[in-house]
Amino acid sequence: MRAIPVASVALLGAAALSACVPAGAVGSNTFGFTVSPATVAPGGEVTLAVGRTAAGCHGRVTVTSPVFDTVTIPRDESSATARVDRDARRGAVYQVTFACRDKTGTAQLTIAGGGSHHPSDGPWQSKGVHAGEGGTVAGFDLKQIGLGAALIAGAVGTAYHLSRRRTGADGA
């Protein structure tokens, strides 16, 4: 008889997790338009990519943004690079627009803020390991994490309460 409460907790947990997905994340990038890395220093390079799958774009793609010159990805290529303007405002978020025939998509590009690092045209040299920009940490939003945790805790608590609740006739 323990299968019913366990199934209830699993279903409520899955429902709570699906409710935590931001509305813009569902179906907003069906053609695979991406900007990598999502956070870059002024003067840095980004890779602009387009998915060439069945649902993706099969023609030439024009990529525009106020922070770099217009880039064209030829129909037989899936990516291109762009150099971010050196005078890009640190901490600002810019919209990158991808246009392919009748399909368009957008992505966000954040300019790294703070610090006194000014990239140079020369090769980058270091005496240690260059580990990157920390791509998985860059998109965390504490409000969304807190809301998600609260929803999951509420769903688990409700499932536990409902599985332990007894009616007058059944509890005797």
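I began with Thr34, which stands opposite Ala49 in strand 3. This is a predicted model, in which local features need pLDDT of at least 70 and side-chain atom pairs count only at pLDDT 80 or more, while totals for chains, interfaces and linings use all residues. Residues are numbered from 1 along each chain as its sequence is written, and side-chain values use heavy atoms, with hydrogens and water left out.

**Entry: strands 1, 3 and 6.** I found 3 bridges joining strand 1 to strand 3 (residues 45–49), and the two run antiparallel. Strand 3 also pairs with strand 6 (residues 79–83), in the antiparallel sense and over 5 bridges. Within that pairing I noted Ala82 of strand 6 as the bridge partner of Val46. For my own reference, two strands pair if DSSP finds at least two bridges between them, and the elements are DSSP runs numbered from the N terminus, helices being H or I of at least four residues and strands E of at least two.

**Entry: the chain as a whole.** I counted 3 helices and 8 strands, and from the N terminus on the elements run α-β-β-β-β-β-β-β-β-α-α. Of the 172 residues, 24% count as buried, where buried means under 20% relative accessible area, exposed over 50% and partly exposed in between, with a 1.4 Å probe and protein chains only. Among contacts between residues at least 6 apart in sequence, 56% join residues at least 24 apart; a contact here means heavy atoms within 4.5 Å.

Entry: I then traced 5 strands that form an open sheet in the order 2-8-7-4-5, with mixed pairing. Its edge strands are strand 2 (39–40) and strand 5 (68–73), each of which pairs on one side only. Strand 2 pairs with strand 8 (residues 103–111) in the parallel sense over 2 bridges, and there Val40 stands opposite Ile111.

The C-alpha atoms of Gly91 and Ile111 are 5.2 Å apart, although the two are 20 residues apart in sequence. Leaving aside neighbours within four places in sequence, Gly91 is in contact with Ile111, Ala112 and Gly113.

Entry: Is Ser65 buried or exposed? Ser65, in strand 4 (residues 61–65), is buried, with a relative accessible area of 11%. Its side chain reaches the backbone oxygen of Gln95 at 3.2 Å, and beyond its neighbours within four places in sequence Ser65 is in contact with Tyr94, Gln95 and Val96.

Thr62 is also placed in strand 4, but at 25% relative accessibility Thr62 counts as partly exposed. Its C-alpha atom is separated by 4.6 Å from that of Thr72, 10 residues away along the chain. Not counting residues up to four places away in sequence, Thr62 touches Thr70, Val71, Thr72, Thr97, Phe98 and Ala99.

Entry: Phe33 lies in the loop between helix 1 (3–19) and strand 1 (34–36) and Phe98 in strand 7 (residues 93–100), so the pair ties together parts that are 65 residues apart in sequence. Both Phe33 and Phe98 are buried, and the residues that Phe98 touches include Thr34, Leu48, Val61 and Ala107.

**Entry: the core.** The largest nonpolar core has 25 residues, of which Leu48, Val61, Val63, Phe68, Phe98 and Leu109 touch the most other members; such a core is a set of buried Ala, Val, Leu, Ile, Met, Phe, Trp, Tyr and Cys residues joined through side-chain atoms within 4.5 Å. Strands 3, 4, 5, 6, 7 and 8 each supply at least two residues of this core, and strand 7 gives the most, with 4 residues.

**Entry: a cis bond.** Last, I looked up the peptide bond joining Ser36 and Pro37, which is cis, with omega about -5 degrees. Pro37 has its place in the loop between strand 1 and strand 2. Most peptide bonds are trans.

Definitions and conventions. A polar contact is a pair of N or O atoms within 3.5 Å; within protein, one must be able to donate a hydrogen and the other to accept it, and residues adjacent in sequence count only if both atoms are side-chain atoms.
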